[in-house]
Amino acid sequence: MFLFNSAIIGLVGGILGVILGTFVSSGLQMTMGSEMTGKSGGVSISLMLDGLTLAVLIGMISEMVPVYRVPKLKPVNALRYE
């Protein structure tokens, strides 16, 4: 359940990142033209999918550390710092 939640959070962050990146890329393409890249701009579908996949994986990996660390703690020590 924790990994599913972190995957969803990573997916939402990835979607927002793809949207923002697409807007920034098209804005730069309109202002700079082909001088910036030397070719016509745009973000490919495979690049978007790679970004989404990476965001989900990072979200899941960042949640795995606490999930494996929590069972090793004693309840008294875990509640002491709260």
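Some ground rules come first. Residues are numbered from 1 along each chain as its sequence is written, and side-chain values use heavy atoms, with hydrogens and water left out. Because the model is predicted, local features need pLDDT of at least 70 and side-chain atom pairs count only at pLDDT 80 or more, while totals for chains, interfaces and linings use all residues.

**Overall build and confidence**

The protein has three helices and zero strands, and its elements run α-α-α from the N terminus on. Helices here are DSSP runs (H or I, at least four residues), as strands are (E, at least two), numbered from the N terminus. Confidence is given as pLDDT, the predictor's score for each residue from 0 to 100. The protein averages a pLDDT of 83, and 85% of the residues score at least 70. Helix 2 has the highest confidence, at 90, and helix 3 (residues 75–80) the lowest, at a mean of 79.

Of the 82 residues, 13% are buried. Buried means under 20% relative accessible area, exposed means over 50%, and partly exposed lies in between (1.4 Å probe, protein chains only). The accessible surface comes to about 6700 Å², and carbon and sulfur atoms account for 73% of that surface. These areas come from the Shrake-Rupley method with a 1.4 Å probe, and for residues only the protein chains shown count as cover.

| Helix | Residues | Span, first to last C-alpha | Expected span |
|---|---|---|---|
| Helix 1 | 31 residues | 44 Å | 45 Å |
| Helix 2 | 25 residues | 37 Å | 36 Å |

In helix 1 (2–32), the buried residues are S6, A7, G10, G14, V18 and Q29. Their cover includes helix 2. In helix 2 (residues 45–69), L52, A55, V56 and G59 are buried, and these residues pack against helix 1.

**A closer look at some residues**

S6 lies in helix 1 and is buried, with a relative accessible area of 8%. Beyond its neighbours within four places in sequence, S6 is in contact (heavy atoms within 4.5 Å) with G59, M60 and E63.

Further along helix 1 sits V18, which counts as buried because its relative accessibility is 17%. With neighbours within four places in sequence again set aside, V18 touches M48 and L52. V18 and L52 are 34 residues apart in sequence, yet their C-alpha atoms are 7.6 Å apart in space.

S25, also found in helix 1, counts as partly exposed at 24% relative accessibility. Its C-alpha is separated by 7.5 Å from that of V43, 18 residues apart along the chain.

**A nonpolar patch**

F4 is in helix 1 and is exposed, with a relative accessible area of 54%. F4 belongs to a nonpolar surface patch of about 930 Å², made together with M1, I8, L11, V12, I15, L16, I19 and F23.

How values were computed
The expected span of a helix is 1.5 Å times one less than its number of residues. Patches are made of residues with over 30% relative accessible area and no salt bridge: like charges are joined within 9 Å, nonpolar side chains (Val, Leu, Ile, Met, Phe, Trp, Tyr) within 5 Å. A salt bridge is a side-chain nitrogen of Lys or Arg within 4 Å of a carboxyl oxygen of Asp or Glu.
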